[in-house]
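Here is a friendly walk through one protein model. Keep the sequence and the 3D view open as you read.

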Amino acid sequence: MSNSKILDECKKHISINCAWEVGESIFKGGTITDDCCHKLVSVGKHCHALFFNSALESIPNVDKSRALAKSTLVWNCCVGIALSPASSITIPNSKSSKSKIVDECKKHISTKCAREVGGSIFESGSVTYGCCYEIVSAGKTCHDLFFNSVLASKLIVDKSRALVESTQVWDQCVEITISPTPSIAIPTPKALNSETLVECKHISINCAWEVGGSIFEGGMVTCDCCDDL
């Protein structure tokens, strides 16, 4: 599917007001509401990147590096809001039964994604990026409740190992959601060669040395280098 078609699909799931807020925040130093942040995270990092690139093409004389850094900052801040205790999902009060809370959580995650998560935890399956966005958007409380609900239905299962797997799935999904979207269009594996390396010219020599030293010599990588990477 072409980027233009994906962009059209993304637009169906976010309001014009929210898209405007995100653009203002990136290019004009505006603010973005918590509600818009939840919507942005729910559509996913790829949609955010497409929105950004589309807007960037229409704005003349813009500092692209600064705009990209601001776009990444907006995304990470919104993920932080989505992960905060003040979740976008209205969890019933403590007097409500857990089953009612689970029912509320189910409204915010697809059956397909729930199966992916269960398969990943209990059957060594995998979770897609899109599903990770759903899980993170729904929140840690819902993830834990889904896990406990499925665990209760399993007659024979290593509960300690399952808990470890559940935690790993959550942590990996958070990492996927928070990590910045690459600004460079990386070629397919068949095209990976010296030309690809030349395209990866958006990182300084010093940072490249830091990364190499960290991998091969046990050195450290600075925060600035991590941002560049």
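The report below covers helix packing, nonpolar cores and disulfides.

This is a predicted model, in which local features need pLDDT of at least 70 and side-chain atom pairs count only at pLDDT 80 or more, while totals for chains, interfaces and linings use all residues. Residues are numbered from 1 along each chain as its sequence is written, and side-chain values use heavy atoms, with hydrogens and water left out.

**Helix packing**

Let's start with helices α2 (residues 16-27) and α4 (residues 45-58), whose axes lie 11 Å apart at an angle of about 65 degrees. Helices here are DSSP runs (H or I, at least four residues) numbered from the N terminus. Axes are lines fitted to C-alpha atoms over the stretch in contact, and angles run from 0 to 180 degrees between N-to-C directions. The crossing of α2 and α4 is right-handed, meaning that the near helix is turned clockwise from the far one by less than a right angle. On the α2 side, V22, I26 and F27 meet H48, F52, A55 and L56 of α4; contact means heavy atoms within 4.5 Å. The residues of this contact divide into six nonpolar, one polar and no charged. In this count Ala, Val, Leu, Ile, Met, Phe, Trp, Tyr, Cys and Pro are nonpolar, Asp, Glu, Lys and Arg are charged, and the others, Gly among them, are polar.

The crossing of α7 and α9 is right-handed. Here V117, I121 and F122 from α7 meet H143, F147, V150 and L151 from α9. The contact of α7 with α9 has six nonpolar residues, one polar and no charged.

**Nonpolar cores**

Which residues have the most contacts inside the largest nonpolar core? They are V22, I32, L40 and C78, in a core of 25 residues. A nonpolar core is a set of buried Ala, Val, Leu, Ile, Met, Phe, Trp, Tyr and Cys residues joined through side-chain atoms within 4.5 Å, where buried means under 20% relative accessible area with a 1.4 Å probe and protein chains only. Helices α1 (3-11), α2, α3 (34-43), α4 and α5 (64-83) each supply at least two residues of this core, and α5 gives the largest share, six residues. Leaving out residues up to four places away in sequence, V22 touches I32, C36, L40 and H48. A second, separate core has 23 residues, including I121, C131, C142 and V169.

**Disulfides**

The structure holds six disulfides, each a pair of cysteine sulfur atoms within 2.5 Å. The table shows some of them.

| Pair | S to S distance | S-S torsion and hand |
|---|---|---|
| C10 and C47 | 1.9 Å | -75 degrees, left-handed |
| C37 and C78 | 2.0 Å | about -60 degrees, left-handed |
| C113 and C131 | 1.9 Å | about 80 degrees, right-handed |

C10 in helix α1 and C47 in helix α4 are 37 residues apart, so this pair links distant parts of the chain. C10 is buried at 3% relative accessibility, and C47 is buried at 9%. The pair of C37 in helix α3 and C78 in helix α5 also links distant parts of the chain, 41 residues apart, and both C37 and C78 are buried. C113 lies in helix α7 and C131 in helix α8 (residues 129-138), so their bond ties together parts that are 18 residues apart in sequence. C113 is buried with a relative accessible area of 1%, and C131 is buried with 3%.

Conventions
Buried means under 20% relative accessible area, exposed over 50%, partly exposed in between (1.4 Å probe, protein chains only).
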